[in-house]
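Hi everyone, thanks for making time.

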Amino acid sequence: MSNRMKNILIIGACGQIGSELTPVLRERYGNENVVAADIKHPESEKLLESGPFESLDIMDKPSIDKVIEKYNIDTIYNMAAILSAKGEKNPRACWDVNIDGVLNVLQCAIDFDLARIIMPSSIAVFGPDTPRENTPNDTILRPTTMYGVTKVCGERLCDYYVRRFGVDVRGLRYPGIISAETLPGGGTTDYAVEIFYKAVEFGRYSCFLREDTRLPMMYMPDCIEATLQLAEADFDNLIHHNDFNVSAFSFTPGELVECIKRYMPDFECTFEPDYRQEIADSWPSSIDDTPAREEWGWKPKWNLDSMTKDMLEKLSKRHKEGRLYK
Ligand code: NAD
Ligand code: AKB
């Protein structure tokens, strides 16, 4: 990594990914050099106590400018977004945060000559016209959700800033992320996290997707690893910039239930699909991530079984201690 990359701002630091990325970046680059920011107040004291926190609305560019100046920021990880399910409930807010917010960050890169921006995308860029299995990196992008529309626009905007202004901005298309620290923020893949909390708490779960809905997923440690690996990759080796497919494993709710039952034989699950089924049906079932593997050496470590075992161990421990939801 370049020596300039010392002060980091994470916008959306209180979210599912930001809340786990922040401590890892603080560990790596020093607590005082990593500023967490979000429109909402952190639920975790750890985030507040371990380093600087700023209240920030990504749509308010002057307040981003102030934070950049105050902390001498030269790298931004933009984790602020409205995800797919929330986005269908409020498409305008989804557009505003995911597009105006992205544009503000890109403009900051120019105004402050920032060293690097990390801008996540999603498998939501794909739509029903895209090949569903082993979806290639470079393929048809015709999403049918507002979230997907904003993610395609975001990728194109970021690539435009690379080519037109020489901004170093990179991003990967995360699949559904599974984690035990912070609950997901309103997506279609959220069931794959909720199911573990309900399994541990009640021994049963009602899933909002059909039993046979296969989607690409990834465990949080791999998500953080992929993010850091791309962030630290040599820019000259990148052919793609803001649209890297990254894959770990795929499963259906039915297969996840079977896997949980290996560790909790009495676990029960029912299936009551809601409006999120249509979103899931428009997404790939598995992902080909050859460019990520070739351009920056991506390789996942976790699979369905190791992830399930780890999630159940972590959440069962917290449940026993009376702090499942902390
Ligand atoms: P999340 O919903 O858990 O967190 C988003 C955070 O952004 C929240 O803390 C929220 O308060 C904050 N935020 C919302 N509006 C804001 C605003 N106006 N100003 C400042 N902060 C604001 O999301 P996440 O799951 O952590 O996702 C992070 C990134 O990864 C997003 O770009 C998302 O699209 C992408 N992604 C996530 C997943 C996943 O499964 N978690 C999958 C694919 C892509
Ligand atoms: C969602 O379900 O909206 C996210 C995503 C795959 O982008 N988890």
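So, which residue forms a salt bridge with arginine 92? It's aspartate 96, and the closest N and O atoms are 3.0 Å apart. Keep in mind that we're looking at a predicted model. Both of those residues sit in helix α5, 4 residues apart, which is about one turn of the helix. Arginine 92 is exposed, at 57% relative accessibility, whereas aspartate 96 is buried, at 15%.

Let's stay with helix α5, residues 91-111. Aspartate 111 makes a salt bridge with lysine 61, and there the closest N and O atoms are 2.7 Å apart. Lysine 61 belongs to helix α3, residues 61-71, so this pair ties together parts that are 50 residues apart in sequence. Aspartate 111 is partly exposed at 44%, while lysine 61 is buried at 14%. Asp65 joins in too: Lys61, Asp65 and Asp111 are linked in a network of salt bridges.

Another pair to look at is arginine 276 with aspartate 274, 2.6 Å from N to O. Over the whole structure, the search finds 21 salt bridges.

Now for the strands. Where does β4, residues 75-78, sit? Both its faces are covered: Thr75 and Tyr77 on one side, Ile76 and Asn78 on the other, all buried. β4 pairs in the parallel sense with β1, residues 8-11, over 4 bridges, and isoleucine 8 stands opposite threonine 75. β4 also pairs with β5, residues 116-118, again in the parallel sense, over 3 bridges. There, isoleucine 76 stands opposite isoleucine 117.

Key: Residues numbered from 1 in each chain as written. Chains lettered and ligands numbered in written order. Predicted model: local features only at pLDDT ≥ 70, side-chain atom pairs only at ≥ 80, totals over all residues. Heavy atoms only, no water. Buried < 20%, exposed > 50% of the residue type's maximum accessible area, 1.4 Å probe, protein only. Helix = DSSP H or I, 4+ residues; strand = E, 2+ residues; numbered from the N terminus. Pairing = 2+ DSSP bridges. Salt bridge = Lys/Arg side-chain N within 4 Å of Asp/Glu carboxyl O.
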